[in-house]
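Let's take a walk through this structure together. Have the sequence and the 3D view open as you read.

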Protein chains: 2
Amino acid sequence: MLYAVIMAGGSGTRFWPAGRKCKPKQLLKILGEKTMIRATVDRLRPCVHVENIMVVANVLHYDGIRLELPELADSMIVCEPYARNTAPCIALAAYKLAGINPNALMAVLPADHLIGPETRFRELLNAAATLASSQNSLITFGILPDKPETGYGYIEIGEKVYSQDGISAHRATKFVEKPDRRTAQFYLDSGNFLWNSGMFVFSVSAIIEAFDRHLPEVSSVIKEIGPFLNSHEESEAIRRAYQKVAGISVDYGIMERADNVLVIPADLDWNDVGSWGSLDSVWGRDENGHVSRGELISLLSKRCVVDSGDKLVALIGVEDLVVVDTPDALLICRKDMAQEVRNLQKLLMDHGRDDLL
Amino acid sequence: MLYAVIMAGGSGTRFWPAGRKCKPKQLLKILGEKTMIRATVDRLRPCVHVENIMVVANVLHYDGIRLELPELADSMIVCEPYARNTAPCIALAAYKLAGINPNALMAVLPADHLIGPETRFRELLNAAATLASSQNSLITFGILPDKPETGYGYIEIGEKVYSQDGISAHRATKFVEKPDRRTAQFYLDSGNFLWNSGMFVFSVSAIIEAFDRHLPEVSSVIKEIGPFLNSHEESEAIRRAYQKVAGISVDYGIMERADNVLVIPADLDWNDVGSWGSLDSVWGRDENGHVSRGELISLLSKRCVVDSGDKLVALIGVEDLVVVDTPDALLICRKDMAQEVRNLQKLLMDHGRDDLL
């Protein structure tokens with residue numbers, strides 16, 4: 001039985017001022033009509049039963065997620081009291097699912113990525129589930145890169161161990177961090193490196209075994225929650241465990257260390273939407289190269305990213321800007337400095353404007 | 001008796017989106033707490049009786065001006081049905097004042113200029129009134145220039161004909177249009193050229209005589225309104241006359257032609273606030289060179305002009321921009337292209353957004 005675990009722990013500080021402490025990226029309608037988490041659930045629905053979908057999120061965002069995903073069972077929205085990166089989140093979900101169904105297969109999916117085409121995504125997901133049920137592997141998806149992107153991690157692929165119906169799986173020989181431009185170009189040219197999508201499929205038994213072996217310090221703390229999972233003492237037990245557990249990523253803690261990791265090359269349109277700047281490869285550009293939501297008038301202007309709600313925006317003589325307007329705050333940022341947006345948090349506090357965080 | 005005629009016929013399209021068809025520059029709080037027309041009246045009040053202050057404005061702006069200046073008599077807010085430049089406006093005011101007081105002296109002042117210090121302004125105004133009452137001259141103020149400004153017209157001064165208490169008057173030998181940069185530098189270096197402030201003082205008899213001599217085609221049409229002035233048929237008579245009268249400036253039609261024009265050099269801080277870009281020499285700059293109204297957070301940004309009402313604006317990596325935010329429209333413009341703002345009018349119409357004009 002396939003379960004989905006949607007990791008919705010992001011804070012979205014890079015999407016200020018649309019993103020706020022209580023409204024992270026996954027709860028924004030960054031693309032079109034749906035919030036990103038709604039799109040993530042809708043993308044899964046044809047191949048995962050609704051009662052098998054779990055969301056793990058920061059407690060700050062519980063209300064927003066509860067409202068956004070009314071069809072999910074209460075017990076399947078799990079709150080983390082503190083952000084502890086992906087490894088504790090996945091361990092918690094694995095133990096929780098093991099308590100429901102020891103034979104569960106789990107797909108772990110970020111709540112805030114852009115993925116298409118959806119049909120192909122589900123074909124790949126089903127193939128990964130089939131593979132995960134037949135062997136003890138940890139399966140991840142590697143996106144076929146089309147440019148030397150320096151904002152993503154990469155996975156080096158080795159021997160092909162599976163191939164059927166246009167879907168193959170390879171041994172993962174190396175996980176690498178975000179490269180510099182030159183290295184990224186080398187990775188692209190080599191044909192042996194794929195973008196690390198942060199999406200995984202494994203059986204709960206395989207991932208629990210991997211935690212016990214590679215991250216025993218995480219495993220032992222999360223295991224203490226076990227007796228309280230799916231009871232009314234669950235959240236208090238999670239709080240106690242999260243106070244102790246170290247924040248560590250599943251890539252660094254498990255995937256780079258395990259020898260049973262397989263990569264499925266994924267021919268998907270994929271974007272982790274890391275900042276406002278990344279949107280210019282996502283939304284459709286107009287004849288001046290602008291990508292915008294809201295009405296735009298452009299005079300002698302080019303290549304801006306504009307999100308203004310219902311407000312008309314007029315640009316005169318400007319290029320490569322990000323413009324994000326909200327009722328109480330307006331951001332104007334050079335597109336290639338969009339990563340700096342997260343640094344506004346401290347400045348806002350210095351200005352005594354914690355209300356805008 | 002000194003009367004003031006405030007010319008408030010401007011349309012303010014260069015101050016979009018704060019300025020709109022029904023809210024021209026003179027009705028904006030461009031500087032601080034007061035609208036420009038309120039500041040213009042307050043500046044005059046210590047030396048002109050309130051019942052002697054007249055405003056000539058486009059009929060579109062009557063309601064806004066009526067609300068803004070409740071102390072003015074109804075009969076002293078004169079509406080123009082069409083914009084016809086300054087000459088018909090001044091002729092109309094002169095005939096109207098002549099009907100009230102044939103010995104009236106009139107100071108003609110734009111409603112939307114920034115002028116300080118106020119005490120010095122009033123000293124100069126009183127000196128001009130004294131001079132205008134004793135001889136048949138047309139008196140104008142020439143601002144002592146402090147930079148080679150290409151956005152203003154200039155007046156060349158000749159023989160000094162009056163000097164008392166630190167105030168002098170010279171014959172005006174030439175009125176010139178906005179010069180190019182090189183010519184402006186020559187004017188500045190010569191010491192014989194002053195900025196044309198567009199402010200005048202004369203007796204109604206002197207200006208009517210000048211109209212009869214130099215602009216008889218304007219004079220004869222406006223004279224037809226005479227019998228209806230200060231009656232309930234006034235506005236209909238004005239409408240008939242304005243349908244016929246040519247639009248022409250008083251500088252071109254009268255001042256450049258008359259031989260009885262005197263210039264008083266005025267040591268004033270003066271700015272005609274011609275566009276958003278001109279504000280950066282008006283508002284106080286902060287440590288990054290920004291001039292702003294509203295709360296601003298600046299990261300790696302310099303020299304922007306920001307008007308955002310109550311909204312916080314965060315700038316990252318941008319320089320020399322104009323940012324003006326309103327509830328339904330947002331402008332982002334290169335500062336040195338601020339003159340282009342008026343060209344948005346046509347684009348807004350093309351977009352079917354006449355509601356934003």
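Which residue lies over the face of Tyr252(B)? Turn to chain B and you'll find that it's Arg257(B), at 5.2 Å from the ring centre. Chain A has an arrangement of this kind to look at too: the charged end of Arg43(A) sits over the ring of Phe121(A), 5.9 Å from the centre of that ring.

Before going further, keep in mind that this is a predicted model. Where pLDDT is low, the predicted coordinates should not be read in detail. Chain A has an average pLDDT of 95, and 99% of its residues score at least 70. For the complex, the predictor gives an ipTM of 0.88 and a pTM of 0.88.

Now for how the chains are arranged. Two copies of a chain are related by a rotation about an axis and a shift along it.

Next, pick out two helices in chain A, α6 (residues 204-214) and α7 (residues 216-223). Their axes are 5 Å apart, and they pack at an angle of about 120 degrees. That makes α6(A) oblique to α7(A). On the α6(A) side the contact is made by Phe211(A), Asp212(A), Arg213(A) and His214(A), while α7(A) brings in Pro216(A), Val218(A), Ser219(A) and Lys223(A).

Back to aromatic rings for a moment. Searching the whole structure turns up 16 aromatic pairs over all chains.

Finally, some backbone details. Most residues other than glycine have a negative phi, and most peptide bonds are trans. With that in mind, look at the loop between β1 (2-8) and α1 (36-44) of chain A, where Pro17(A) has its place. The peptide bond leading from Trp16(A) to Pro17(A) is cis, with omega near 5 degrees. In chain B, a cis peptide bond joins Trp16(B) and Pro17(B), with omega about 5 degrees. Asp165(A), in the loop between β7 (154-164) and β8 (167-176) of chain A, has a positive phi, near 50 degrees.

Technical notes: Residues are numbered from 1 along each chain as its sequence is written. Chains are lettered from A and ligands numbered from 1 in the order in which they are written. This is a predicted model: local features need pLDDT of at least 70, side-chain atom pairs count only at pLDDT 80 or more; totals for chains, interfaces and linings use all residues. Side-chain values use heavy atoms; hydrogens and water are left out. Rings of Phe, Tyr and Trp (its six-membered ring) pair if their centres lie within 6.5 Å; planes under 30 degrees apart count as stacked, over 60 as edge-to-face and the rest as tilted. A charge sits over a ring if NZ of Lys or CZ of Arg is within 6 Å of the ring centre and within 35 degrees of the ring normal. pLDDT is the predictor's confidence in each residue, from 0 to 100. Axes are lines fitted to C-alpha atoms, for helices over the stretch in contact, and angles run from 0 to 180 degrees between N-to-C directions. Helices (H or I, at least four residues) and strands (E, at least two) are DSSP runs, numbered from the N terminus. Angles under 35 degrees count as roughly parallel, over 145 as roughly antiparallel, 65 to 115 as roughly perpendicular and the rest as oblique. Contact means heavy atoms within 4.5 Å.
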